[in-house]
Amino acid sequence: MTPLTYIRASDRADALARAGSDGRFLGGGTNLVDLLRQNVERASALVDISSLDGAIRESESGGLFIDASVKNTALAAHPLVRSRYPVLARALLAGASAQIRNMATVGGNILQRTRCMYFYDVDGARCNKRQPGAGCDALYGFNRYHAILGASDQCVATHPSDMCVALAMLDAVIHLSGAAGERQVPLTDFHVLPGDTPQIETVLKSGDLITAVELPPPSDATVNSEYRKVRDRSSYAFALISVAGGLALADGQVAQARIALGGVAAKPWRARRAEQALVGRAPTPDAFLAAIREDLIDARPLSGNSFKIGLVERTMVAVLTALAGTNA
Amino acid sequence: MTICVNGTEVSPPADARVSLLDLLREHLHLTGTKKGCDQGACGACTVLMDGDRVLSCLTLAAQAEGRDVRTVEGLPGGSDDLHPLQRAFVEHDGLQCGYCTPGQICSAIAMAEELRRGDPSYVTHDLTAGTLVATRAEIRERMSGNLCRCGAHNGIIDAIETMLAETGA
């Protein structure tokens, strides 16, 4: 880690004013401190925003307004999250460990960086994300954890967040504050695919600060929702793949399906083709499988992760079947 | 602003890069808290900050300013100067080499409070249930952030169950 100054922001305006050109906002530090220590990232100043007010409240529209500095533990335990958006509580609780969830903030979770081991290996590996133009050692290396959708020959890294998969499924909106004032971005548009610029991971501009996340009002398909994570050990591991699903039925048919996939791309992957294909269909395992295959037709597996296609299919079918109450 | 470590006010380090873990071990010589991976993967460095369990390796000491930090050295003991959970660890062989033990102890003490509060875990079946049952599956999931390379996990769970039974959690 290179020398840096530490500043504790007194409020949001203070944080924005003091970030400067090379300053970084510090949330829980569970990812950034590690990245700085391993010299993957550098910063001259850390502006600590983890102690700013972190509130969770119902929005005027009946949704939920979550300040960016809310801790993962607090969000997962909130009564309205548990009753109206169980997929979000379950996704948060699937992530990391209790210690890390006590530290990690909502804003920082959204901005956590890939866990690709070549990205972290400053001395031993090439990485276009860390050093544009250097090459990618994951492409033909150990890529069991890497992307099958939306990747490029420059970068095959995945976004590691569980929380973001649930937020994508719920149509969450990110509130930003920056030099150009305040603006809002749907979470599904916030992270960008690697293309030829894998070092650019989000639509954030220099000096932007995530201030809050807003959930739309609950609906049948958010209340009847689930998050299932498949990993190499049953706890405290990043996802191989994960599925956030929500289902609303009417007259024995699918009225609305919500599906997002984790561990498959550089961003949470909303399976919109499957969602559309299922409307008006009977909620059967065969229908679920046919639907998710419409999204997976674009999958381009790497040397070590072709298993993910079948794993996504089986997990998606299992989740939606459970939500349909027709456990087969 | 100072950091309260086991009831004593200490000054934060001059260098902002110093982790809370290194402050405890290298500056204050409180070597009960252990450095395992130093990257948030093992839980050996777990301490309590304002009562919540956190990883001291990923916490900058500066972030602890104005906060109350408690380490294994600062746990309230009984007549033999051991916390009830420490006695239970001895009784149930909850350790072999002992390196992960201070982190396990701090983690489990905070976990008991989380259970009392009703915080759910990934394996909690009913997220809206008001009260939780501390099954072995719940304890294992909640303690998954503390690795033990000696494989003493079964003894650790036994010890935690004993403590929860004694304290009525």
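Student: Looking at helix α5(B), which are its buried residues?

Tutor: They are Ile156(B), Ala159(B), Ile160(B) and Met163(B). Keep in mind that this is a predicted model. "Buried" here means that 20 or more other C-beta atoms lie within 10 Å of the residue's own C-beta, so those four residues of α5(B) pass that cut-off.

Student: How do you know that the buried residues of α5(B) line one face?

Tutor: Look down the axis of α5(B): the buried residues fall within an arc of 95°, so they line one face of the helix. Here's the background: an α-helix has 3.6 residues a turn, so residues three or four places apart point the same way.

Student: What covers the buried residues of α5(B)?

Tutor: The cover includes α2 (84-91), α3 and α4 of chain B.

Student: What makes the length of α5(B) agree with that of a helix?

Tutor: Do the sum on residues 153-167 of chain B: at 1.5 Å a residue, those 15 residues should span 21 Å. The end C-alpha atoms of α5(B) are 21 Å apart, so the two values agree. Just past the helix, Gly168(B) has a positive phi of about 70°.

Student: What share of the contacts in chain A join residues at least 24 apart?

Tutor: Counting contacts between residues at least 6 apart in sequence, the share is 62%.

Student: Which residues touch the most other members of the largest nonpolar core?

Tutor: Ala91(A) and Ala166(A), out of 148 residues in that core. Leaving out residues up to four places away in sequence, Ala166(A) touches Val87(A), Leu88(A), Ala91(A), Tyr227(A) and Ala244(A). As a general point, nonpolar side chains tend to be buried together in soluble globular proteins.

Student: And where the chains meet, how many residues does each one bring?

Tutor: Chain B brings 28 residues and chain A brings 29. On the chain B side, the elements giving two or more residues are β4 (52-55), α3 (101-117) and α4 (136-142). β4(B) gives the most, with 4 residues.

Student: What kinds of residues make up that side of chain B?

Tutor: The side of chain B that touches chain A divides into 10 nonpolar, 11 polar and 7 charged residues.

Terms used:
Residues numbered from 1 in each chain as written. Chains lettered and ligands numbered in written order. Predicted model: local features only at pLDDT ≥ 70, side-chain atom pairs only at ≥ 80, totals over all residues. Contact = placed C-beta atoms within 7 Å. Nonpolar A, V, L, I, M, F, W, Y, C, P; charged D, E, K, R; others polar. Expected span 1.5 Å × (residues − 1). Buried ≥ 20, exposed ≤ 12 C-beta atoms within 10 Å, placed from the backbone. Arc of directions from axis to C-beta. Core = buried A, V, L, I, M, F, W, Y, C linked by C-beta atoms within 7 Å.
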